[in-house]
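Here is a short briefing on one protein chain. Look at the sequence and the structure first, then read the points below.

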Amino acid sequence: MALPVAAQPSDGRLQTLGSGQWLCGWPGDAWDASFRPDPARQFEVTGNATYSTAAGSGTYLRTGDSVVFTSGPLQSLRFQVEGNRLRQSGTGAGEKPLICHRRAGGDPRRQWAPTG
């Protein structure tokens with residue numbers, strides 16, 4: 001059983017993300033919704049460094065607070081672990097980073113709210 005994201009050490013050792021559904025989207029602003037989900041970026045951690053999406057499955061590598069998707073539909077996306085969420089790294093100036101939160105449980109069809 002994987003530890004919650006926030007409870008894992010961040011010393012550069014190989015680690016995994018918390019199992020279950022991860023919901024991703026773009027931060028909004030004062031004139032928009034506070035969060036705009038991106039269905040194409042939702043994924044589920046299915047096992048040891050593997051994930052699946054509606055478009056297929058792949059692998060990721062987590063070392064310390066860095067995550068990179070190494071194969072599959074999300075290949076090349078890079079994130080920083082920030083507590084119980086992931087924030088896309090490598091975005092350009094003025095670009096909003098993709099944010100992902102792990103779903104705490106419940107019906108996956110239900111509208112969700114970030115947990116971290």
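Two strands pair if DSSP finds at least two bridges between them. Strands (E, at least two residues) and helices (H or I, at least four residues) are DSSP runs, numbered from the N terminus. This is a predicted model, in which local features need pLDDT of at least 70 and side-chain atom pairs count only at pLDDT 80 or more, while totals for chains, interfaces and linings use all residues. Residues are numbered from 1 along each chain as its sequence is written, and side-chain values use heavy atoms, with hydrogens and water left out.

**The chain as a whole**

- The protein chain has zero helices and ten strands.
- Along the sequence, the pattern is β-β-β-β-β-β-β-β-β-β.
- The protein chain has 116 residues, and 33% of them count as buried; buried means under 20% relative accessible area, exposed over 50%, and partly exposed in between (1.4 Å probe, protein chains only).
- A contact means heavy atoms within 4.5 Å. Among contacts in the protein chain with a separation of 6 or more, 38% are between residues 24 or more positions apart.

- β8 and β9 pair in the antiparallel sense over four bridges.
- The two strands β8 and β9 form a hairpin with two residues between them, and G83 in the turn has a positive phi of about 65°.
- V81 has L86 in β9 as its bridge partner.
- β9 and strand β10 (residues 99–102) run antiparallel and are joined by three bridges.
- L86 has C100 in β10 as its bridge partner.
- In a regular strand the side chains alternate between the two faces of the sheet.
- Strand β9 (residues 85–88) has L86 and Q88 on a covered face, and R85 and R87 on an uncovered one.

**The nonpolar core**

- A nonpolar core is a set of buried Ala, Val, Leu, Ile, Met, Phe, Trp, Tyr and Cys residues joined through side-chain atoms within 4.5 Å.
- The largest nonpolar core here has 16 residues, and L17, F43, V67, F69, F79, L86 and C100 have the most contacts inside it.
- At least two residues of this core come from each of β2 (20–27), β4 (43–47), β7 (66–69) and β8 (78–82).
- Leaving aside residues up to four places away in sequence, C100 touches W22, L23, C24, F43, F79, N84, R85 and L86.
- In soluble globular proteins, nonpolar side chains tend to be buried together.

**Aromatic pairs**

- Rings of Phe, Tyr and Trp (its six-membered ring) pair if their centres lie within 6.5 Å; planes under 30 degrees apart count as stacked, over 60 as edge-to-face and the rest as tilted.
- A search of the whole structure finds six aromatic pairs.
- One of them is the edge-to-face pair of F43 and F69, with 5.2 Å centre to centre and 75° between the planes.
- F43 lies in strand β4 and F69 in strand β7, so this pair ties together parts that are 26 residues apart in sequence.
- Both F43 and F69 are buried.
- Y51 and F69 also form an edge-to-face pair, with 4.9 Å centre to centre and 90° between the planes.
- This pair links distant parts of the chain, as Y51 is in strand β5 (residues 50–53) and F69 is in strand β7, 18 residues apart.
- Both Y51 and F69 are buried.
- W22, F43, Y51, Y60, F69 and F79 form one aromatic cluster.

**Residue T53**

- T53 is found in strand β5.
- T53 has a relative accessible area of 16%, so this residue is buried.
- Not counting residues up to four places away in sequence, T53 touches Q42, F43, P73 and L74.
- The C-alpha atoms of T53 and W22 are separated by 10.0 Å, and the two residues are 31 residues apart along the chain.

**Loop residues with positive phi**

- A49 lies in the loop between β4 and β5. A49 has a positive phi of about 60° although it is not a glycine.
- S76 lies in the loop between β7 and β8. S76 is not a glycine either, yet has a positive phi of about 85°.
- S76 has a relative accessible area of 55%, so this residue is exposed.
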